[in-house]
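Me: Could you take a close look at one part of this model for me? I'd like to understand the aromatic packing and what surrounds it.

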Amino acid sequence: MKNIIQLLLIVGVFSFYQCKKSVKLKNIKTQNSTKNKKEVIKNNLENKIIKPWDSLNKDNVEAFFTEYGKQNKENKIRITTKFGIIKLLLYDDIPIHRANFIFLTKLKYFNTTVIYRVAKNFVIQGGNSDETYTRNQRRLYGNYLLRPEFKSNRTHKYGALAAARQWKKNPNKLSSPFEFYMVHNRNGNHHLDNQHTVFGEVISGFNTLDKISRVKVGVDEWPIEDIKMTIEIID
């Protein structure tokens with residue numbers, strides 16, 4: 001009888017140990033699973049932060065370019081045409097338009113566009129073309145628009161760089177991110193102040209503007225021969 005009781009005690013202790021070991025293993029597996037899930041979530045968030053520029057759309061334009069501007073502080077641009085070179089200074093106090101222009105320049109968007117409007121003694125305008133690539137790039141980011149950044153000290157003086165925009169059905173004066181113009185009137189075009197955002201100026205190449213202003217144009221002021229250009233960052 002004594003031996004039977006001892007045997008039962010041994011079996012009971014062994015069963016308890018096995019059960020405890022099983023619970024312990026189960027707990028470890030659950031903890032590891034939770035830990036793995038946290039790591040996956042963390043990695044996903046880090047990936048989103050690493051590739052934030054994939055997210056540009058018409059609903060997050062200001063947030064996108066505010067952050068992009070912090071990481072891309074260049075503000076000098078070179079436009080190269082067959083008539084010569086034009087150098088631009090982008091204004092740091094017009095941050096969204098500056099960051100947008102740098103963004104498109106780094107994408108090489110402008111390099112398939114042309115100077116498509118030459119209005120002598122008024123403006124020289126570029127940033128559009130009939131190229132399929134140009135249309136695709138616009139669609140890629142949803143044809144977003146930029147809110148105006150008017151400043152009293154950023155006016156349409158001779159050589160001012162400003163953003164084109166639609167005048168009809170655009171009460172908020174939203175800028176096109178893709179099309180720009182340079183003032184080619186030595187007296188300035190100040191009737192356009194607070195109508196279009198001025199975000200930079202020509203710092204050299206006024207003689208190139210003069211040469212471009214003399215080309216033959218059609219009734220729509222589009223040059224008879226395309227004026228191709230490349231735009232790149234100097235600094």
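**A close look at the aromatic packing**

Reply: Both Y68 and F103 are buried. Keep in mind that this is a predicted model.

Let's begin with helix α2, residues 61-71. Its buried residues are V61, F64, F65, Y68 and G69. They lie on the same side of α2, because the arc they cover around the axis is only 125°. A63 and K70, on the other side of α2, are exposed. In general, an α-helix has 3.6 residues a turn, so residues three or four places apart point the same way.

What does the buried side face? The buried residues of α2 pack against α3.

Now for the rings themselves. The whole structure holds 16 aromatic pairs. One of them is F65 with Y144, a tilted pair with 5.8 Å from centre to centre and 40° between the planes. This pair links distant parts of the chain, as F65 belongs to helix α2 while Y144 sits in the loop between α4 (132-140) and β5, 79 residues apart. F65 is buried, with a relative accessible area of 1%, and Y144 also counts as buried, at 1% relative accessibility.

Y68 and F103 make an edge-to-face pair, with centres 5.3 Å apart and planes at 85°. Because Y68 lies in helix α2 and F103 in helix α3, the pair ties together parts that are 35 residues apart in sequence.

These residues also belong to a cluster: ring pairs link F64, F65, Y68, F101, F103, Y109, F110, Y144, F178, F180 and F199.

The largest one has 48 residues, and F65, F103, Y144, F180 and M182 touch the most other members. Helix α3 (residues 95-106) gives the most to this core, with six residues. As for M182, leaving aside residues up to four places away in sequence, its contacts include I79, I86, L88, F122 and V123. I124, A160, L161, V202 and L209 are also among the residues that M182 touches.

R154 lies over the face of Y91, 3.6 Å from the ring centre. R165 has its charged end over the ring of W167, at 4.5 Å from the centre.

Notes. Residues are numbered from 1 along each chain as its sequence is written. This is a predicted model: local features need pLDDT of at least 70, side-chain atom pairs count only at pLDDT 80 or more; totals for chains, interfaces and linings use all residues. Side-chain values use heavy atoms; hydrogens and water are left out. A nonpolar core is a set of buried Ala, Val, Leu, Ile, Met, Phe, Trp, Tyr and Cys residues joined through side-chain atoms within 4.5 Å. Buried means under 20% relative accessible area, exposed over 50%, partly exposed in between (1.4 Å probe, protein chains only). Helices (H or I, at least four residues) and strands (E, at least two) are DSSP runs, numbered from the N terminus. Contact means heavy atoms within 4.5 Å. The arc is that of the directions from the helix axis to the C-beta atoms. Rings of Phe, Tyr and Trp (its six-membered ring) pair if their centres lie within 6.5 Å; planes under 30 degrees apart count as stacked, over 60 as edge-to-face and the rest as tilted. A charge sits over a ring if NZ of Lys or CZ of Arg is within 6 Å of the ring centre and within 35 degrees of the ring normal.
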